[in-house]
Amino acid sequence: MSRKDWKRPELVPLEEGMRRIMLTCAYEGSAFHGWQSQDNSLSVQETLENALSAMGLSARIQGSGRTDAGVHALGQVCHFDIPSSCTIPADRFALALNALLPPTVRVISSEEKDGTFHARFTTMAREYVYFVKSYENALPFDAGHVALYRKAPSVELLNSYASVLQGTHDFTTFSSSRDSSLSKWRDIYESYWTVITDRFGREMLKYTVVGNAFLYHQVRSMAGTMMDAALMGESPEAFRSRLEARDRSRALRTAPADGLYLSRISYDEDEYAWFEEEADGNGCR
């Protein structure tokens with residue numbers, strides 16, 4: 001779909017006398033009940049806001065998007081606004097916050113932004129990765145961080161499915177019944193599987209998917225359905241029929257949260273401009 005069809009609110013100008021600080025964060029998702037603050041469970045957002053409070057700063061943190069309970073992040077992006085009277089250099093926030101945060105959250109970097117940046121509403125692409133191991137390659141350190149399956153299917157077959165998902169589609173089949181989005185159409189810029197090794201030399205599968213946005217549980221549903229379909233030896237044509245059915249009952253297993261990581265947020269308008277050009281040229285939704 002064309003970017004002009006993205007339904008995003010207009011940015012509210014940064015208030016006079018305020019600064020905007022962008023953070024790039026990593027976190028161990030099993031320690032939290034997701035990104036967003038909740039009344040009865042610990043969240044990443046609340047943990048970061050508490051660290052700011054310990055610095056004497058009261059600010060609401062806005063993330064690029066939510067991650068569910070158990071989902072990890074390598075490159076979550078968020079921002080907060082503070083009065084200009086706070087003169088802490090932007091790049092020092094990472095060091096100061098890391099001294100106050102638990103080891104399950106790290107601020108990778110911090111930088112100053114102006115009002116044309118918004119962690120959520122100026123995002124151009126989101127990248128997720130999903131890690132899978134067979135039982136024979138599993139190690140104790142994988143618990144909560146890698147999805148385990150009885151065996152690893154053919155990566156060629158997995159990639160035949162992954163290529164079906166690339167492009168602009170209605171992803172109703174892979175959306176959760178709890179998803180409240182008015183439209184289930186999404187753009188998938190990249191979708192592919194690779195065989196890699198972990199830090200101990202054990203073989204594992206890695207699924208990489210990049211899109212403009214994702215539905216609730218979409219990535220986990222796609223990964224789980226591809227894994228189960230490949231273990232059954234399903235043809236690429238049969239997998240395509242699952243997508244095109246736009247029927248949630250045609251999805252197979254929703255993969256566990258353990259293996260899912262929000263790996264990168266892109267704010268670069270040029271990075272996937274080729275997709276935008278093709279969408280405009282072909283009249284895609």
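User: How many cavities of 30 Å³ or more are there by this rule?
Analyst: The count is one cavity of 30 Å³ or more. A cavity here is a set of points on a 1 Å grid, over the protein atoms alone, where a 1.4 Å probe fits but cannot get out. This is a predicted model, in which local features need pLDDT of at least 70, side-chain atom pairs count only at pLDDT 80 or more, and totals for chains, interfaces and linings use all residues. Residues are numbered from 1 along each chain as its sequence is written, and side-chain values use heavy atoms, without hydrogens and water.

User: What volume does the largest cavity have?
Analyst: Its volume is about 30 Å³, taken as the space filled by probe spheres set on the grid points.

User: And which residues line the largest cavity?
Analyst: The lining consists of V132, K133, S134, N137, A152, E203, M204 and L205, lining residues being those with an atom within 4 Å of a point.

User: Switching to helices: at what angle do the axes of α3 and α4 cross?
Analyst: The axes of α3 (residues 155-165) and α4 (residues 218-232) cross at roughly 140 degrees and come within 9 Å. Helices are DSSP runs of H or I, at least four residues long.

User: Which residues make that contact?
Analyst: L157, L158, Y161, A162 and L165 of α3 meet M222, M226, M227, A229 and A230 of α4, where contact means heavy atoms within 4.5 Å.

Conventions:
On a 1 Å grid over the protein atoms alone, a cavity is a set of points where a 1.4 Å probe fits but cannot get out, and a pocket is an open set with protein on both sides within 12 Å along at least five of seven lines; lining residues have an atom within 4 Å of a point. Axes are lines fitted to C-alpha atoms, for helices over the stretch in contact, and angles run from 0 to 180 degrees between N-to-C directions. Helices (H or I, at least four residues) and strands (E, at least two) are DSSP runs, numbered from the N terminus.
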